[in-house]
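Please read the following notes alongside the model.

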Amino acid sequence: MIWREIEKLPRDFGPSAVTIGNFDGVHAGHRKIMLRLVAVAREHGWTSCVLTFEPHPMVLVAPARAPKLITTLDQRCALMEDLGVEQILILPFTQEIARLTPEEFVQQTLVDRLHARAVLVGENFRFGHRAAGNTSVLAQLGEKYGYITEVIPAVEARHCTVSSTEVRRRLESGDVSAVNRLLCRPYSLEGHVVRGHGVGSRQTVPTLNLATSAELLPARGVYITRTYDLNSPREWPSISNIGYRPTFGGGEDQLSIETFLLAQLDGGGPEEIRVEFLRRVREERKFESPEALKQQILRDVGRAQTYFRRVKTH
């Protein structure tokens with residue numbers, strides 16, 4: 001269940017095992033924390049609860065350094081529920097919350113409202129006014145207020161520590177294969193299918209144009225993808241281009257996400273889709289003519305078809 005106001009929590013909420021954080025991306029490190037959270041809660045007959053924030057605290061504390069988010073709030077909640085989390089509290093991050101001392105935050109939120117019996121966090125966890133609290137402070141307050149504290153070690157993958165910052169860095173470079181290993185799932189974008197300029201269907205190949213509210217996109221280029229209809233069980237192997245359509249004179253204010261399906265589209269076009277990014281094929285570039293672009297797209301299609309055949313045989 002998802003709670004968006006702490007005041008609406010029932011007074012008999014819990015007892016609970018709680019983890020706290022932004023959890024942007026719900027990557028491998030977050031997954032490790034949440035799976036342990038669910039296990040601890042089940043072992044003791046407690047409620048598993050995630051306490052997260054909206055907006056990201058940096059938006060309020062240091063707007064210039066606030067990161068572009070990997071996942072929307074709804075995506076984060078869905079991913080956490082898929083891991084078995086029972087309760088999610090979305091705490092509006094306000095100046096009032098930002099001014100709480102570590103002990104005030106623990107007493108007012110974790111103890112009085114969530115009735116925490118266990119609090120699980122990552123190694124770099126900080127909390128309270130000016131991030132004065134760390135895992136040691138959390139544990140000391142646990143001894144005072146009657147909850148156990150468990151610090152979950154970070155996850156290492158491909159010679160790096162998994163973090164939201166690392167996921168963002170890899171995503172902005174277009175290395176979606178690495179991103180998917182850090183997330184333990186394919187990175188995806190979702191939204192409505194919108195009408196394009198019509199140039200592609202007339203001069204190259206027809207595509208689905210995705211409008212998304214995502215803050216962070218992979219680097220410009222062509223990707224092997226898989227596309228899902230959010231309103232039916234349909235799915236298709238596909239290739240997608242993120243860019244400005246330079247062959248057709250697209251400007252910097254005309255970024256588009258175009259997807260070409262590699263299988264037949266039966267039953268009419270989808271209204272909402274999710275596009276999973278599997279592998280980068282090449283950078284976006286300007287071609288001499290629409291025909292030259294079409295020939296390159298057909299070569300890209302061939303590479304994608306080879307990829308999907310190999311995946312199917314493994």
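1. The largest pocket has a lining of 46 residues, and Gly 21, Asn 22, Asn 124, Phe 125 and Arg 126 are those nearest its centre. A pocket here is an open set of points on a 1 Å grid over the protein atoms alone, where a 1.4 Å probe fits, with protein on both sides within 12 Å along at least five of seven lines; lining residues have an atom within 4 Å of a point.

2. The model is predicted: local features need pLDDT of at least 70 and side-chain atom pairs count only at pLDDT 80 or more, while totals for chains, interfaces and linings use all residues. Residues are numbered from 1 along each chain as its sequence is written, and side-chain values use heavy atoms, with hydrogens and water left out.

3. Helix H2 (57–61) is among the elements that each supply at least two lining residues. H2 gives the largest share, four residues. Helices (H or I, at least four residues) and strands (E, at least two) are DSSP runs, numbered from the N terminus.

4. In helix H6 (residues 135–145), Thr 135, Leu 138, Leu 141 and Gly 142 are buried, that is, under 20% relative accessible area with a 1.4 Å probe and protein chains only, whereas exposed means over 50%.

5. After H6 comes Gly 146, with a positive phi near 85°.
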